[in-house]
Amino acid sequence: MHIATWPITSVRPYDANPRTIPPAAIDKVAASLREFGWRQPLVVDADGVLIVGHTRLAAAKKLGLTEVPVHVADTLTPEQVRAYRLADNRTHEEASWDDDLLAAELAKVKESDLIALTGFDATELDRYLAELATPAAKGEIGATDNGFKYQERYGVIVECSDEPHQEQVFNELTAAGHKCRVVAV
């Protein structure tokens with residue numbers, strides 16, 4: 001794979017990119033680039049249109065960088081470019097965390113000055129480590145505030161846009177036979 005250094009102005013974002021990038025993500029990637037440098041190039045087509053790396057490009061611009069590492073994927077067909085652009089954004093969503101290993105890694109990183117670079121903010125980190133330390137998260141018998149005993153075996157987090165949406169999702173899942181509980185964060 002050939003990687004070249006290009007002027008940042010030579011890389012053009014894909015105007016129809018369906019992935020939205022929140023400012024917080026750009027800030028986190030900018031902090032990562034500042035600390036760790038470039039470890040993945042931007043990927044562009046033969047015309048310099050971005051295929052992969054929209055958040056990295058936005059972070060580089062935020063940092064005021066004038067040059068970026070680029071790989072030109074000139075052997076891909078236009079159809080392959082479209083599929084790759086979508087796959088790069090979608091496939092990471094299929095991954096999940098191993099809670100025990102994550103807790104161990106977060107605990108180790110928390111001891112260093114690099115915790116802000118993990119993408120977890122301090123509040124989120126503390127909450128996550130506390131949740132992982134609870135007996136219910138380890139699959140042991142736990143108790144709710146009303147004394148009801150339960151044993152958690154698997155967990156799924158569903159983010160809802162508002163309280164009515166949360167109620168709708170809860171009702172649909174319980175009607176389908178799933179055991180659910182609502183946790184407001």
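The following exercises, with worked solutions, concern a predicted model.

**Exercise 1. The setting of His54**

Decide whether His54 is buried or exposed, and identify the residues in contact with His54.

Solution. 
Step 1. His54 is found in helix H2.
Step 2. Its relative accessible area is 13%. Buried means under 20%, so His54 is buried.
Step 3. Leaving aside neighbours within four places in sequence, the contacts of His54 are Pro13, Tyr14, Asn17, Ile21 and Arg85.
Step 4. With Asn17, the side chain of His54 also makes a polar contact of 3.5 Å.

**Exercise 2. A network of salt bridges**

Trace the network of salt bridges that links Arg19, Arg90, Glu93 and Glu94.

Solution. 
Step 1. The side chains of Arg19 and Glu93 form a salt bridge at 2.6 Å, N to O. This pair links distant parts of the chain, 74 residues apart: Arg19 is in the loop between strand E1 (4-7) and helix H1 (23-36), and Glu93 is in the loop between helix H3 (78-90) and helix H4 (99-110).
Step 2. Glu94 and Arg90 meet through their side chains in a salt bridge of 2.8 Å, N to O.
Step 3. Arg19 is partly exposed at 32% relative accessibility, as is Glu93 at 41% and Arg90 at 43%. Glu94, at 56%, is exposed.

**Exercise 3. A salt bridge within a helix**

Explain why Glu105 and Lys108 are separated by about one helical turn.

Solution. 
Step 1. The two side chains meet in a salt bridge of 4.0 Å, N to O.
Step 2. Glu105 and Lys108 are about one helical turn apart because they stand three residues apart in helix H4.
Step 3. Glu105 is partly exposed, with 45% relative accessibility, whereas Lys108 is exposed, with 55%.

**Exercise 4. A nonpolar surface patch**

Identify the residues that make the nonpolar surface patch of about 260 Å².

Solution. 
Step 1. The patch is made by Val156, Val158 and Leu173.
Step 2. Val156 lies in the loop between strand E6 (149-151) and helix H6 (163-175).
Step 3. With 72% relative accessibility, Val156 counts as exposed.

Definitions and conventions. Residues are numbered from 1 along each chain as its sequence is written. This is a predicted model: local features need pLDDT of at least 70, side-chain atom pairs count only at pLDDT 80 or more; totals for chains, interfaces and linings use all residues. Side-chain values use heavy atoms; hydrogens and water are left out. Patches are made of residues with over 30% relative accessible area and no salt bridge: like charges are joined within 9 Å, nonpolar side chains (Val, Leu, Ile, Met, Phe, Trp, Tyr) within 5 Å. Accessible areas come from the Shrake-Rupley method with a 1.4 Å probe; for residues, only the protein chains shown count as cover. Helices (H or I, at least four residues) and strands (E, at least two) are DSSP runs, numbered from the N terminus. Buried means under 20% relative accessible area, exposed over 50%, partly exposed in between (1.4 Å probe, protein chains only). A polar contact is a pair of N or O atoms within 3.5 Å; within protein, one must be able to donate a hydrogen and the other to accept it, and residues adjacent in sequence count only if both atoms are side-chain atoms. Contact means heavy atoms within 4.5 Å.
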